[in-house]
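Hi there,

Here is the structure I promised to pass on to you. Please have a look at it first, and then read my notes below.

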Amino acid sequence: MFCTGTLQHVRDPWGAVREFHRALKPGGIVYIDVAFMQGYMQDPADYWRFTREGLRLMCQGFEEIDCGVQIGPTCGLVWVLREWADSCFENRYLANLALIATALATAPLRYVDYFVWRKSKAHRVASAVYFRGRKRMAERGESCPTLSMQ
């Protein structure tokens with residue numbers, strides 16, 4: 001089961017993860033990536049940001065295979081800088097000019113993540129994080145009490 005860039009737009013992401021767990025057969029794989037250091041994305045609404053540890057907590061009903069940085073910290077920095085430039089002006093044209101200028105000035109920085117995203121501290125300001133896990137092999141009818149958050 002894949003869920004990419006979606007849970008930040010869901011009112012109840014914990015409920016969504018519980019539904020993933022319910023729908024997967026034992027041994028099934030789940031892959032979730034979520035925003036962390038990103039600007040507001042109205043699509044149609046934007047509710048949440050997740051740290052790596054927060055995503056692990058939400059997915060604790062799954063056996064973890066891997067968890068880490070999906071989009072690196074430099075992209076997170078660039079995203080925030082672009083949103084900042086856009087928010088400095090109420091006038092739509094000036095805001096767009098500031099956004100374009102910032103995008104052009106920061107465009108070369110996106111390549112820095114090729115060298116940074118696997119560093120041990122990259123998750124602290126990553127643009128997005130991911131979790132890959134497996135539904136544990138369980139007896140039929142056994143519930144998943146570890147997903148009872150909220």
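Below is what was found in it, starting with the chain as a whole.

This is a predicted model, in which local features need pLDDT of at least 70 and side-chain atom pairs count only at pLDDT 80 or more, while totals for chains, interfaces and linings use all residues. Residues are numbered from 1 along each chain as its sequence is written, and side-chain values use heavy atoms, with hydrogens and water left out.

The chain contains five helices and four strands; these are DSSP runs, helices being H or I with at least four residues and strands E with at least two, numbered from the N terminus. Read from the N terminus, the order of elements is β-α-β-α-β-α-α-α-β.

The four strands make up an open sheet with mixed pairing, in the order 1-2-4-3; two strands pair if DSSP finds at least two bridges between them. Strand 1 (2-4) and strand 3 (62-71) are at the edges with a single partner strand each, so one side of each has no neighbour in the sheet. Strand 3 runs antiparallel to strand 4 (residues 128-135), and eight bridges join them. Within this pair, Cys-67 sits opposite Phe-131 of strand 4.

How much of the chain is buried? Of its 150 residues, 38% count as buried, meaning under 20% relative accessible area with a 1.4 Å probe, protein chains only. As for extent, the C-alpha atoms fill a box of roughly 60 × 35 × 20 Å along the principal axes.

Enjoy exploring!

Best wishes

Methods: Buried < 20%, exposed > 50% of the residue type's maximum accessible area, 1.4 Å probe, protein only.
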